Structure formats: structure tokens, C-alpha cells
Amino acid sequence: MDISRRQFLSLSASAGAMLMTISLPSMGQKIKQGAAQTHDNWSVYLHIKPDNSIVIESPVQDMGQHMKTTGAMMIAEELDANWSLVSCVAAKTYLKKTADGLGYQFADMNTGGSHAVRRNWQVLCEAGASARQLLISAAALKWQCPESELTTGNSFVYRKSAGQRLPYGELAAIASTLPLPDKPLKFKDKSDYTIFGRDITTVDIDEIVTGSPLFGLDMEMPGMVYAVIERCPYFHGGIKSFNDNKTLAVPGVIKTVKIDKVIRENGIKEIAAGIGVIATSYWAAVQGRKALEIQWQQGPWSGESSESLMADFKRFCQGEESGKTLLSTGDLDQAFKDSAQTFDQCYQVPLLAHACMEPFNAIAHIFEHKGRRKKAKIITGHQFPTRVASSVAQYAGIDPLDVEVIATRMGGGFGRRYYNDFVIEATLLAKETDKPVKLVWTREDEMTQDYFGQSTFTRLKAGVDKQGKLIAWHHRQGQIDGSLREQCFPYQLIDNFRVDSYQKRTGTPTGAWRGPGHLQFAFATESMIDEVAHAVGRDPLAYRLTLMAPAKEYPYSGYGATVIDSGRMAKCYQRAADLAKWQQKRPKGVGLGIASHFTFGSYAAFVVEVDARGQGPAKITGIWGAIDCGLPLNPNHIRNQMEGGFIDGLNAAMFNEAKVSGGRVVNTNFHQLPFIRMADTPALFEVAIIENDYPPTGVGEPPTAPAAAALANAMFAATGKRQRKLPVSMES
């Protein structure tokens, strides 16, 4: 986040916000009411109480990637707080208008693109360090001594020369009246960290395991009614006619609401056409929906299918359709002429569904404030609260600063909760009643109305010299919209390199899917590198390490970083291979596959072991991963993300194929779109975290991308059969 400490804190003050709460009622009220007149030198997220406990409002949304914990850790570490005295709550959504629209007053509350740590690292650490400095200043005033005599630790300020100490809770009231220090902040040495580097459990763990209200689906409001929507199944389809007589006869049904489709200028669906049913209970709403009689208009994409999409992409890769060259270095044609050996292969990835465990939901209430001005309150789990406020304001016809967004923990997001369709729908239904409306999607709603991960058809042509060194690389990829990630390796490692892209907007809605475009890119490139290594008689690990040498930073203008470092990637390969005992000979029928990828500033590599010796499908018997995400803040969370992210990638590799036929999605629930289960994954899963002092980067998406290639390469090592199309068949 591009915001300085001074800007961050001065914004707090100018907003007149209560920057610190103190449990003493009189003091708390004094500060709360007189914030504009006091010296507001505290983070808005920090609350220090007289009993020395601390409440931190963690500003970043949590969808299972542990940012509610990690955001608070960044403040608490530089505050030099005792973590056992810290409790965390989700921060309020502090919004402001900007030249570009709507933004946040303080920290970036969005999550997505593995940026939550990266963008908030500086501002949250500075907030903690600023507060620590003010506590030191307060103690110096109280003891009438130089600040240089004072140190901090475990939520105390110490004057060791006099054998004195004061808890933060006794200093907070004084500290809140002091001016912001005008000298450079002093940050803790890495050797003094007491919170970073520790295995800290997610702060919501008790609520999660006891089923306490935590997610959006748990939330309620007084006087709330419920709603579901029957949506047109056809892409860009409409409503020809409908009869709601039977629906309105269902006990509890209040009314039905016709919703028109909205297609954005870029041709992507914003909301689908449908009939909403509002009722006094969810059960009544569902029964009312079942009773609806609707005739649909199929829309302009009724001939679209998974096969037609892939055939279109394939025509491009075969040169029958024109595309766009994204990158071109060296003399590719001459390099292929000079090659001692060439390779030409195609790789396919289907549409990928999100299938978040928590179905989409939102509570929307639009009401009059003081009898005239309309306001809105929205309770939902969403990755981008600013987008929620903007859409609600647009569809409710009110000022975005009159939208209060209560952001809850999400039961999975993976990019799908970047989109606003369920929020907009709740808003439209809320306009039809003066009561809060809770809209709930069913699993079928979610699977048929998804913004899928792009299906891709990639043709890779590679050339090597007499020593087997890669000297030519031509990457051609067709897909529906979206990113191609062409700047990731092997770009800049091969002298003669070209990437051609063909993108076509169709009716199938596609969008952000956990590291958009990265799994597709990594599957093709890491599979091809593996094929070349085997073909030239080289060990796949050694071949990759040679390709990465010498260790070097290369410029990178893609998302999330300015450089990409082959040395850091090589270390990940080596550490993952060391964990797997790569050089240890396996029995015939057991094979190892390796793959890596660079995603949004982080490097990750994995080795998969497959055992194809028995009858029936081959089994994954071991997974070993290594990640370089800069300074590791919470190893427990990093390991969790490495495991969960890679398993999600394996799910994409083995099962996750959303199918389109007749301009609609035809697999509508888990019985038709199976997801990976515990039996499909091995008990053996080890992770190495490469420690260094680079600024920390995200972990939510980097482990997912290498999964498909690592599995396909392992299947080849175990069976001798190349798999260039997902889902990977485990039949040996």
C-alpha cells in the first residue's frame, strides 16, 4: 500500500476517529468525543486497556488465509506486545472517496492476488512502532527521565537502571495525548522478534471448531426476511414468461421480484435474469422457488459448449486464427533452424469451478435515516469491501459513504468473492421491502453461475542445441479473456522466446480463480520442460537447476513484483527435492514429479510421488514443497497455505472440470463435479520454508499453480505415460 506512516496517522486524525479506546468510561468518552482536539497519534486499529490487554482490529479480510491473525501480528510485533494478551476482531470498514472512486481511509482491507501481507506490511508495522514510541514517551514523562533509558517488552516499558516497569495499560491514557514522534521510527531487530516466526494459531479457531457465528451465513438482523432466486441457466438468457401464483400460495412467501439481467460493457455478466422469492423463512423461500413456473429465453450463446470453446482455441494454436504477440526476444525462427532437436506439444486445461464451501450470501437493509436520507447496511463475506459499497450505492441510488459494510469471515473465496452479483441481487431485493433481506445461494446456484477459471489450449514448441540446452521457445495459448502470465519463467532464461495469445470473449463467464492464469501457464511450461529434460537424457531436477543458473534477478512488470529471481526459484527446487530424497531410487512403478512457479512475489516448488504398482488407480503417496515468501511471519499459516493451496491445485488437476453444453453449465453439484477428498491425498506432506530478509509476500496462491504439472510429471515417471490434458487420469 502506497501510504506513509505520517499519511496513515494524519488520516486517522483528520477523520476525527477514535484512535484508541480505554476501558475507563470517562477517559474513553473524553477521547472519543474530543478526538479532533487531542493528539491522535494512535492507529485506529489499536485498543489498549487498563488491565494491559490489547484489542487489535485486524484490517484485512480473512477467507481462510489467516490474514485476520497475520494483520494483527504485524501491529503487535512492532508494538512489542505480549501476544497472549492480544485479542483480535475484524476491523470496521473505513471508507473514503478518492479521485478514482472509493478507497480505504487506512490499511488496504481487500484481499486477493496474495497481496494482503505485501501491501499492508509497511503501514501496519509502522502503526505498531509509532504506538510503542508513544508509550515510551509517556513513561519518560511519568518517570521524568530520558527516553534513552527506556526499553519495551511483553507489553511493558522498562527502566532497568532503576528497576522500574510500567504496563502499557497504565501508560495508554497519557500516550494518547502526546504528539506523533517527528523522528524516524525505530523498528525492532529481527533477533528481537517475539511474535514473527512463531507458530501462531488462527485467532478464530475456537469459533470455527465450535460452530459459533462467524461467517456471513451465520449472521442475522432483527426483523430479517429471507430470499432465494431462480436464475436463468443460459448465458445471457432472459425471462420469456413466468407464473408465480403457486409460489405466492406457499405459506411464508411474501412476494416475488423480477430481476433483469445486466451485462457489462466488456460482455461479462453482472447479474443473471431471475425471479427472486422473499419469504419469512429460508425454507419457505426455497419452496416458493420450486413452485415457480418460468419459461426462459436461451440467449445468444445457446450453441456454446466446452468442446466448441476448446476447438476455437486449438484453431489459433494451429495457425488458423490470428492472435497477438505479447513477448518476443531474439530470433526465434533462426533458433529453431539451429536446433539439434525440437519438441511440439499441446496442453489443455478445462474450465475450473470455485465451489467455495460457504454458499454466497448477503444481508441487505436499505432504510431512511432521520426520515429522509437513505442509507444501507450490508453484511457479507467479500474479498473487496470497497466494491460492495460501490455496487450497493449504484443499485440503491445512494452515496457510497452511506453504505455500511460489515465484512465477515469467508468460508473460502479463491477470487470468486471478488465479484458482486450476490451483493447486487440482495440490494435489489432489499429495495422491495423495508426489512433486512438475507439472500442465500444454493450449491446449484453457485456452480451454474460461477465466474470460472479460464479453460486454455496451449501449444508449446521448444528447440535445444546439441548439448540439450533450450535455445528456442514458442508459447501459443488460446483462452477466454484473462491473464496469460507470460513473464514468468522460462521467459528471460531462453534467448529466443515468443508468446502469442488468443483471447475471445464468449458467453461463458470467466474470471479470477486462485492465481488467475498461473496454474494453466505452469501446467504447460513445467510439463514441457520435463518432457525436454527426459528427451535429452537429463535428470528433471538438474535440468531445471541448469536452466535457472546463474542466479540472477530479472526485471518483471507483471502483477505483484518488480523482479523475478532465478536463484530464489532454484533454492525452492532444491529444498523440495531434498525433502523428497530426490536422488533416492524408487521401485519400478513409483515416480517423482517436480514443478515450480513464481506467483505475485513468492516462489514455490513441489515434488509429488505417485505409486502406480497396484491394481486400480495410481495413488499419490508423498508431497514435498518449499516456498520462499520473504520473511516468514507465521510458519504455521505458511505451512497451512502450502498444504491447502497445493491440494486445491491437485483438485483442479484431478477433478475440477466445469462442463458447458447448450450455452449453460451442466454439472450442477458435487455428484457431477467431484472434489478432492482426503483419500485422494497422502498422509505424507512436508513443507520447507526458506528464510531470508526479503519483505514478506503472500502465500494464498503460490502453492496452487505447480500442482497440476508436478502430478502429471510424477505420473509420467511412474507409468511412462505423458498426460497433457486435465483432469489427469490416475489410471496406470
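This is a short tour of the model in your viewer, stop by stop.

Before you start, know that this is a predicted model, in which local features need pLDDT of at least 70 and side-chain atom pairs count only at pLDDT 80 or more, while totals for chains, interfaces and linings use all residues. Residues are numbered from 1 along each chain as its sequence is written, and side-chain values use heavy atoms, with hydrogens and water left out.

**Stop 1: aromatic pairs**

A pair of aromatic rings is described by the distance of the centres and the angle of the planes. Here, rings of Phe, Tyr and Trp (its six-membered ring) pair if their centres lie within 6.5 Å; planes under 30 degrees apart count as stacked, over 60 as edge-to-face and the rest as tilted. By this rule the count comes to 20 aromatic pairs.

Select Tyr 45 and Tyr 94. Their ring centres are 6.1 Å apart and their planes stand at 70°, so this pair is edge-to-face. Tyr 45 lies in the loop between α2 (25–33) and β1 (46–48), and Tyr 94 in the loop between β3 (86–90) and β4 (95–98), so the pair ties together parts that are 49 residues apart in sequence. The helices (H or I, at least four residues) and strands (E, at least two) in these names are DSSP runs, numbered from the N terminus. Are Tyr 45 and Tyr 94 buried or exposed? Both Tyr 45 and Tyr 94 are buried (buried means under 20% relative accessible area, exposed over 50%, partly exposed in between, with a 1.4 Å probe and protein chains only).

Next, select Phe 360 and Phe 422. With centres 5.0 Å apart and planes at 10°, these rings are stacked. Phe 360 is in the loop between β17 (341–349) and β18 (361–369) and Phe 422 is in helix α12 (residues 421–430), so this pair links distant parts of the chain, 62 residues apart. Phe 360 and Phe 422 are both buried.

To see a cluster, select Phe 384, Tyr 418, Tyr 419 and Tyr 451, which are linked by ring pairs.

**Stop 2: charges over rings**

Show Lys 461 with Phe 336: the charged end of Lys 461 sits over the ring of Phe 336, 4.7 Å from its centre. (A charge sits over a ring if NZ of Lys or CZ of Arg is within 6 Å of the ring centre and within 35 degrees of the ring normal.) Then show Arg 476 with Phe 316, where the charged end of Arg 476 sits over the ring, 4.5 Å from its centre.

**Stop 3: cavities**

Rolling a probe the size of a water molecule over the atoms shows where empty space is left. On a 1 Å grid over the protein atoms alone, a cavity is a set of points where a 1.4 Å probe fits but cannot get out, and lining residues have an atom within 4 Å of a point. Grid points are joined across faces, edges and corners, and a volume is the space filled by probe spheres set on the points. How many cavities of 30 Å³ or more does the structure hold? The structure holds two.

The largest cavity has about 110 Å³ of space. Select Tyr 234, Phe 235, His 236, Lys 269 and Gln 449, the closest to its centre of the 17 lining residues. His 236 is in the loop between β9 (225–231) and β10 (238–243). Its phi is near 65°, a positive value in a residue other than glycine, and His 236 is buried, with a relative accessible area of 13%.

The second largest cavity has about 80 Å³ of space. Its lining includes Phe 489, Pro 490, Met 548 and His 597. α14 (518–535), α16 (566–580) and β27 (590–599) each supply at least two lining residues.

**Stop 4: the loop with Pro 490**

Stay with Pro 490, in the loop between β23 (470–479) and β24 (496–503). The peptide bond from Phe 489 to Pro 490 is cis, with omega near 20°. Gln 492 is placed in the loop between β23 and β24, has a positive phi near 80°, and is partly exposed, with a relative accessible area of 22%.

**Stop 5: Asn 667**

Finally, select Asn 667, in the loop between β31 (664–665) and β32 (685–689). Asn 667 is buried, with a relative accessible area of 3%. What does the side chain of Asn 667 reach at 2.8 Å? The side chain of Asn 667 reaches the backbone oxygen of Glu 657, and at 3.0 Å the backbone nitrogen of Lys 659.

Key. 1 Å grid on protein atoms, 1.4 Å probe; cavity = no way out; pocket = protein on both sides within 12 Å on 5 of 7 lines; lining within 4 Å. Polar contact = N/O pair within 3.5 Å; in protein donor to acceptor, adjacent residues only side chain to side chain.
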